[in-house]
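Dear colleague,

I am passing on the structure below, and after it you will find notes on what came out of going through it. Please read them with the model open beside you.

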Amino acid sequence: MQVEWIQALIIVVTSVGSALIALLLLSVWTHRRAAAPGGLGLAHPVLEQTVFLFDDQELVDATGPARALLDAAPMAASEWARLSAFLAPRFDGFARAMSALAERGHIELCSSPGAEDHGQLKLIAEDVNGLARITLIDPEAEGRGILVDGLSQRALEDELDLLRLTLDHSPALVWREDANGTLTWANRAYILRSGALEDTEEALVWPLPRLFNLDTATTLGGSRRMRLDGAEDKPAWFDCHSFPLEGGALHFALPADATVRAEKALRDFVQTLTKTFADLPIGLAIFDRQRQLQLFNPALIDLLQLGPEFLSARPTLYAFLDRLREARMMPEPKDYRSWRLQMTELEQAAAAGFHSETWTLPSGQTYRVTGRPHPDGAVAFLFEDISSEVSLTRRFRAELEMGQEVLDLMSEAVAVFLPSGELALSNRAYGRLWGVEPDTTLGRVTMTDALRIWQSQCESSPVWADARDFSARVGTRQPIADTVTLLDGRSLSCRFLPMSGGAMMASFALPPGPVIAGHPPPPGADLRATAQSAR
């Protein structure tokens with residue numbers, strides 16, 4: 001019984017002791033919660049320091065915040081290079097001080113006033129048995145016990161990763177410079193283009209090489225095209241844009257090789273056109289959609305007697321036409337208003353489609369003016385001197401009229417047929433003899449039509465069949481001559497003669513009659529009188 005009682009007592013004492021300990025812990029937790037700011041009951045947590053331990057340039061150990069800082073630092077081939085890329089822009093003389101750490105044993109640095117941090121940082125470097133112990137301290141965050149909501153921290157980290165990934169895959173070169181022109185940050189494209197990762201396996205050269213010598217004062221707010229010499233497979237031309245920031249500037253360099261090639265191809269094309277147009281005897285003037293002169297050739301200067309200074313100033317279309325009117329190089333208008341209306345119609349017709357008109361100048365020259373629409377609303381005008389062509393045409397027409405007049409003065413009836421059998425020309429005597437007027441006949445007159453008329457007014461004769469065969473024969477032909485009798489009893493001499501090119505001439509002549517002194521008989525009239533007296 002005593003043993004059982006003792007065991008029960010031990011159990012009770014143990015239970016009471018456990019309850020007292022639980023109450024004591026609950027009291028301490030309640031006290032700390034009441035003393036916490038904002039009534040949350042949380043004491044200031046002890047922040048873990050940012051400490052790195054390096055053996056030369058190899059990371060031996062690091063605290064959690066230090067490793068997180070390395071993950072967020074600029075990309076590099078080694079941890080030391082990543083840390084240097086983060087610390088060098090913030091601490092002046094960082095590389096020089098670290099090279100003297102083994103000699104001095106202890107170094108303390110403070111970040112420069114113009115650094116990108118929100119507050120001043122402090123760096124303590126110690127030589128511990130040949131190892132470099134680097135401590136990075138943020139005085140503003142030390143002892144404040146700032147706690148961050150986990151979801152907010154995760155959102156910030158996701159956004160940071162997205163921005164970093166975006167900039168690392170951007171083909172444009174992006175970098176930041178401080179007020180002294182020193183690079184403080186660059187994206188992956190800039191680092192690779194600068195060759196900072198190509199010298200050694202773990203070298204991220206800092207400060208990074210400055211690829212572009214930009215004058216920030218003149219580049220800010222605008223763009224500037226610059227060329228970089230490098231390998232053939234790398235862009236050589238860039239369009240640089242700069243934007244001001246507090247304590248420095250942000251720069252972008254966009255690859256412009258395709259634009260430069262396109263502009264060069266356009267210049268070469270324009271030069272080719274210019275060389276081609278320079279040899280043309282026709283004057284060319286091309287006006288853009290604003291009707292401003294963009295291109296002309298030397299022939300335009302010679303034809304229109306316009307100075308090259310005036311044309312090089314790229315006048316408008318109406319200023320160009322005004323100068324032509326003043327130089328009397330266009331038809332003289334009745335008044336300025338009608339001339340202006342005529343020029344407006346000329347411009348509208350040329351812009352709508354093919355348009356051509358002839359200008360007869362006061363000097364006696366004749367120009368053909370042709371207007372053609374071009375893409376994007378442009379219009380081109382061609383000025384061609386056709387004075388010699390017009391003169392030749394007039395002279396040729398005069399010769400034809402004179403030849404026709406000579407034929408009309410002949411008493412012999414003459415008709416010329418083409419190789420196709422179509423009537424080409426005839427004289428007045430032919431029309432009086434056969435009672436036809438070929439000039440007023442609708443449609444064409446053929447050899448078959450003429451034979452039908454001849455046969456209808458003459459007695460039957462085999463010469464008509466010979467004439468038909470003579471007209472259709474190809475090659476060498478012998479002239480045919482015969483006499484037929486008209487239905488009125490008169491004799492008619494017929495001749496069918498070959499001509500060059502396969503043409504044929506048919507001539508008909510009545511016997512001559514008596515001539516009255518001082519009055520030569522009209523063709524055919526005296527012959528009819530002679531025939532009647534013979535009866």
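Which residues do ring pairs link into a cluster? In this predicted model, the cluster joined by ring pairs consists of Phe-417, Tyr-430, Trp-434, Trp-454, Trp-464, Phe-496 and Phe-508. For context, 19 aromatic pairs turn up when the whole structure is searched.

One of these pairs is formed by Trp-454 and Phe-496, which are tilted, with 6.0 Å from centre to centre and 45° between the planes. Because Trp-454 belongs to helix H16 (residues 447-456) and Phe-496 to strand S19 (residues 491-498), the pair ties together parts that lie 42 residues apart in sequence. Trp-454 also pairs with Phe-508, here in an edge-to-face arrangement, at 4.9 Å centre to centre and 65° between the planes.

Elsewhere, helix H12 (residues 317-326) has as its buried residues Leu-317, Phe-320, Leu-321, Asp-322 and Leu-324, and after H12 comes Arg-328, with a positive phi near 55°.

On the surface, Asp-55, Asp-56, Glu-58 and Glu-79 gather in a patch of negative charge. Of these, Asp-55 lies in strand S1 (residues 50-55), and Asp-55 counts as partly exposed because its relative accessibility is 39%.

Conventions: Residues are numbered from 1 along each chain as its sequence is written. This is a predicted model: local features need pLDDT of at least 70, side-chain atom pairs count only at pLDDT 80 or more; totals for chains, interfaces and linings use all residues. Side-chain values use heavy atoms; hydrogens and water are left out. Patches are made of residues with over 30% relative accessible area and no salt bridge: like charges are joined within 9 Å, nonpolar side chains (Val, Leu, Ile, Met, Phe, Trp, Tyr) within 5 Å. Accessible areas come from the Shrake-Rupley method with a 1.4 Å probe; for residues, only the protein chains shown count as cover. A salt bridge is a side-chain nitrogen of Lys or Arg within 4 Å of a carboxyl oxygen of Asp or Glu. Lys and Arg count as positive and Asp and Glu as negative; His and the chain ends are not counted. The place of a charge is taken as NZ of Lys, CZ of Arg, CG of Asp or CD of Glu. Helices (H or I, at least four residues) and strands (E, at least two) are DSSP runs, numbered from the N terminus. Buried means under 20% relative accessible area, exposed over 50%, partly exposed in between (1.4 Å probe, protein chains only). Rings of Phe, Tyr and Trp (its six-membered ring) pair if their centres lie within 6.5 Å; planes under 30 degrees apart count as stacked, over 60 as edge-to-face and the rest as tilted.
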